[in-house]
Amino acid sequence: MSRPVSRVLTLLELLQAGGVRTVAELADRLGVGERTVRRYVDHLVDLDVPVESVRGRYGGYRLAPGHRMPPLMLTDDEALAVLLGLVAGRRTGITAAAGTAGETAAAKVRRVLPERLRRRLDAVLDSLTFTTEAAGSVAPPAAVLLPIADAVRHHRPVSVRYTGGSGRGGERTLYPYGLVAHEGRWYVTGRDLSVAADRTFRLDRIAGARVLPGTFEPPPDPAPAERVLTALATAPYRHEVTVRVRGTAEQVRGLLPASVATVTEETGGGEVPPGSDGDTEPWCRVEIRAERLDWLPGLLASLDRPFVVERPDELRALVADLAGRLMDAARGAPPPRD
């Protein structure tokens with residue numbers, strides 16, 4: 001590639017980064033004079049690239065906003081970031097594109113890359129393996145995600161067609177506070193005007209969304225992510241578990257996922273749990289809702305802190321059973337050598 005052509009493409013790459021670039025800045029980056037920069041800009045305009053001239057003290061050149069144009073100018077690191085992002089997004093279920101949109105987007109990116117870079121990126125993707133299975137959840141379609149995101153950003157109400165876990169559907173009007181991606185699923189949290197209460201909704205259960213006139217003022221806190229995690233931790237499940245754990249709320253929260261447990265530190269006057277040695281370290285009440293109890297004894301043992309199961313009795317039996325099996329394993333003789 002000749003040097004003038006290479007510099008024109010470099011100029012396009014600099015402008016694609018966004019913002020206004022002064023002539024002096026561009027001349028310095030390209031290693032040419034200011035008159036040459038203006039000539040390169042004329043070359044781009046001749047190629048129907050919408051370069052705008054900005055007048056004034058801080059003027060220069062910029063690209064017209066919202067214009068889609070070839071060629072796609074990406075550095076090696078940028079191209080790798082885009083393709084790996086698409087691959088990771090498909091596997092985690094976070095890619096906000098329905099069907100094969102992620103695959104077609106990756107194909108388009110590859111198609112406009114130089115052959116040398118395309119071969120190197122293919123080598124990365126072909127040699128890459130993952131230690132976890134791909135997420136089975138489906139990302140929300142753009143027709144749902146984009147209107148809700150617009151409503152969140154501009155504090156507008158939104159009407160959605162929602163089908164709950166029971167299979168019943170209907171129209172809901174929300175004041176959406178924020179969008180949250182958690183463990184391969186997308187959620188919107190906000191005020192459900194039909195019940196005058198804050199709710200969290202899964203986007204994969206929304207069939208359509210429409211921004212409505214008007215505005216609202218979202219509450220300053222808690223943050224949307226905290227709202228979603230709290231909603232997941234307090235959702236109704238088969239078993240309601242209460243455990244007292246020794247430690248401050250900060251210490252115990254750091255050991256338990258926020259989407260699984262709610263932690264409350266006990267203050268003054270609380271009954272000392274049986275077996276306590278009289279230490280003044282505080283205790284916390286941990287509440288967990290779960291469909292099954294079999295995984296909880298291992299979780300509680302992994303805390304490496306004194307704990308007392310308050311309910312249910314079935315969990316106490318499971319903890320005792322685990323403790324017995326661990327004692328048997330500790331007392332057992334080592335296996336014979338060959």
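Predicted model: local features only at pLDDT ≥ 70, side-chain atom pairs only at ≥ 80, totals over all residues.

Q: What is the mean pLDDT of the chain?
A: The mean is 81, and 84% of the residues reach 70 or more. pLDDT is the predictor's confidence in each residue, from 0 to 100.

Q: Which elements have the lowest and highest mean?
A: Helix α5 (residues 101-111) has the lowest mean pLDDT, 73. β11 has the highest, 92.

Q: How many helices and strands are in the chain?
A: The chain has 11 helices and 11 strands.

Q: Back to the sheet with β4 and β5. What's the strand order?
A: The order is β6-β5-β4-β3-β7, an open sheet of five strands with antiparallel pairing. β6 (197-202) and β7 (206-211) are the edge strands, each pairing on one side only. Neighbouring strands are turned by 45 degrees against each other on average, direction ignored.

Q: Which strands does α7 touch?
A: Helix α7 (residues 142-154) packs on this sheet and touches β3 (158-163), β4, β5 and β7. Its direction makes about 40 degrees with that of β7. Contact means heavy atoms within 4.5 Å. Axes are lines fitted to C-alpha atoms, for helices over the stretch in contact, and angles run from 0 to 180 degrees between N-to-C directions.

Q: And where does α8 lie?
A: Helix α8 (residues 224-233) lies across β4, β5 and β6, at about 115 degrees to β4. Its buried residues are Arg-227, Val-228 and Ala-233. They pack against β4, β5, β6, β9 and β10. Buried means under 20% relative accessible area, exposed over 50%, partly exposed in between, with a 1.4 Å probe and protein chains only.

Q: β9 and β10: which strand order do they belong to?
A: That order is β9-β10-β8-β11, an open sheet of four strands with antiparallel pairing. β9 (261-265) and β11 (307-311) each have a single partner strand, so one side of each is left without a neighbour in the sheet. The twist averages 25 degrees from one strand to the next.

Q: How many bridges join β9 to β10?
A: Five bridges join β9 to strand β10 (residues 283-290). Ala-261 has Ile-288 as its bridge partner in β10, and Thr-262 has Glu-287.

Q: And how many join β8 to β10?
A: Eight, running antiparallel. There, His-239 has Ala-290 as its bridge partner in β10.

Q: Now the cores. Which residues have the most contacts inside the largest one?
A: Leu-256, Val-286 and Leu-315, in a nonpolar core of 19 residues. Such a core is a set of buried Ala, Val, Leu, Ile, Met, Phe, Trp, Tyr and Cys residues joined through side-chain atoms within 4.5 Å. β8, α9 (249-253), β9, β10, α10 (296-302) and α11 each supply at least two of its residues.

Q: What is Val-286 in contact with?
A: Beyond its neighbours within four places in sequence, its contacts include Val-241, Val-252, Leu-256 and Ala-261.

Q: Which residues does the second core include?
A: That separate core of 18 residues includes Val-23, Ala-27, Val-32 and Leu-44.

Q: Which residues are buried in α2?
A: In helix α2 (residues 23-30), Val-23, Leu-26, Ala-27 and Leu-30 are buried. Down the axis of α2 they fall within an arc of 100 degrees, so they line one face of the helix. The arc is that of the directions from the helix axis to the C-beta atoms. The face turned away from the buried side carries the exposed residues Asp-28 and Arg-29.

Methods. Residues numbered from 1 in each chain as written. Heavy atoms only, no water. Pairing = 2+ DSSP bridges.
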